[in-house]
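User: Please take a close look at one residue in this model. Where does it sit, and what surrounds it? Then carry on to a few other places in the chain.

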Amino acid sequence: MFKMRTITILTVLLCFQMQAQKTAEKLDQLDNIGLYPLPTLDQLSDITLQEYLMETSRISTDDIAANFENIEDLMWLKPHAQENKVVLLGENHYYRFIQHIRNRMFFALNTFDQYPLIILENQYSLTGFVNHYLTLKDESEANEFLSKELNNIIHNVESMNLLKHMRRWNMRYPEKALYVGYSDVEHDYRTTLKKLIIPYFQKLGFDQKLEVDDIINSDLKEILQLYRQQLALAKKKNLEGQYPFITPSYIETVLDNLDSYYKCKIFDFNFYRQKAMVRNITEKAFLGKYWLGKKAFIHAGAYHTPNHFEYPDGGNFYREGSYLSYDFPYTKNKTYSIRIEGRAYALDQMADIDLEKCMHSGWYYQRSVKKFQKAYKKKLIAPDESYVESKMNAFDSLIMKKALLNKKEALLVDKVHWKPALNSAKQEDKKKFTLLKGILNTYQRYDKFIYVTRSPLTIARLKQQDQD
């Protein structure tokens, strides 16, 4: 009997050892790919920064409901919506749950007050197409336009869902109609030429017979010069393109934005891009006509959205939040900023999707998807498992512990007790202390923080020929 028990115990220990070895090998392989699992609550039991140092509230990761009423957890936003002219939401990209929270914020702002324009970080030329869809009265005509035009230019499922929500709102509340404004330069300039510029000037009788796929950035200068010459004739004829919003003035703004993209790529990217984005947001010929005299909600990368970060030497244009908060007379001292940060992705519906069959997407998104797909194909991860792309620091661990204790995927930060947190870090580790000082510096640039601890990746849309 004793011998049998000994054998059983040894067998169990051997099984545990083999399992531990397999886990270690799996973690090594994931580490080589650049993915790291989220910690468990047990692993966070002895972290430097204890949970009492951060006070948080519940915030849902649900998308907006059909009746637009699931905004109870956003009531804290109401006084800020009413007191300010611009609300800014800055994110790190490609988290589906961040898009859900963004959607609910936008409709909450329009429940508490009126914010007719949401400004998004995409190329300006799409603005006219999207707002045409949002304001068409006939539903069948809108569906046809969506199928024919928007299906070719809206690159991810979450963006398309927002537009459908907005159209539903506009049909229900026409007196409080909502619009989209895209503020960025023409990163996908070939599509802009193919879908808008070339067909418009062909209608005028001018055809450069461009091989668009062969065009490189430096070619744009000469191409734009020729189109500007033709624009003078289009203005005289008040030429309308395929749709009523395609007017000479709209085409002129798109040419200006193409020129900004050219300058970004040939001279200095940040300088000319930010000059263009500030122009696109504030000038009436661009997006100003939708919101000046009213209010706007801006959703962009967190770099763009701090409102407590004043540049010296006239540099506020380098961030839209800084410019609107300190330089633009209409919104000066009338902004409220929220930073929302994601921590871990899950591959989810992107597990088996070939990016080569998808529409244009950013390089960082492609890198992340390919990294996760590599691990998935090696059977190291499942589509619904969440992983981070960099190892967690002491502050990340505090956020994760708060989330696990509250069984939430997102946290609204009410307060961080910075003084005791800094003292705690300083006593344990100088590097943690320095890290925390840097995080505090970032906190001071925004009014509010939200953390999404885990979320599925956003879903890239297939090119039309590859859709079912």
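Analyst: **A close look**

Asn84 counts as buried, because its relative accessibility is 8%. Buried means under 20% relative accessible area, exposed means over 50%, and partly exposed lies in between, using a 1.4 Å probe and protein chains only. The model is predicted, so to speak of a local feature takes pLDDT of at least 70, side-chain atom pairs need pLDDT 80 or more, and totals for chains, interfaces and linings use all residues. Numbering starts from 1 along each chain as its sequence is written, and side-chain values use heavy atoms, without hydrogens or water.

What does Asn84 touch? Leave out residues up to four places away in sequence, and the list is Tyr115, Lys295, Asn333, Lys334, Thr335 and Tyr336. Touching, or contact, means heavy atoms within 4.5 Å.

Next comes Tyr345, in strand E7 (residues 335–346). Tyr345 is buried, because its relative accessible area is 3%. Its contacts, not counting residues up to four places away in sequence, include His93, Tyr94, Tyr95, Phe372, Glu389 and Leu457. With His93 there is a polar contact: the backbone oxygen of His93 lies 2.6 Å from a polar atom of the Tyr345 side chain. Arg454 is 109 residues from Tyr345 in sequence, but their C-alpha atoms are 5.8 Å apart.

His417 sits in the loop between strand E9 (410–416) and helix H15 (418–428). Buried or partly exposed? His417 is partly exposed, because its relative accessibility is 22%. Apart from neighbours within four places in sequence, His417 is in contact with Tyr52, Leu53 and Glu55. His417 and Glu55 are 362 residues apart along the chain, and 8.3 Å separates their C-alpha atoms.

Glu141 is in helix H5 (residues 139–148). At 42% relative accessibility, Glu141 is partly exposed. Asn423 is 282 residues from Glu141 along the chain, and their C-alpha atoms are 62 Å apart.

Now to H5 and its partner. The axes of H5 and helix H6 (residues 157–172) come within 13 Å and cross at roughly 165°. H5 is therefore roughly antiparallel to H6. Axes are lines fitted to C-alpha atoms, for helices over the stretch in contact, with angles from 0 to 180 degrees between N-to-C directions. Roughly antiparallel means over 145 degrees. Glu139, Ala142 and Leu146 in H5 meet Met160, Lys164, Arg167 and Met171 in H6.

Helix H9 (residues 248–266) and helix H10 (residues 269–282) pack at about 160°, with axes 7 Å apart. That makes H9 roughly antiparallel to H10. On the H9 side, the contact has Asp256, Asn257, Ser260, Lys263, Cys264 and Lys265.

Conventions. Helices (H or I, at least four residues) and strands (E, at least two) are DSSP runs, numbered from the N terminus. Angles under 35 degrees count as roughly parallel, over 145 as roughly antiparallel, 65 to 115 as roughly perpendicular and the rest as oblique. A polar contact is a pair of N or O atoms within 3.5 Å; within protein, one must be able to donate a hydrogen and the other to accept it, and residues adjacent in sequence count only if both atoms are side-chain atoms.
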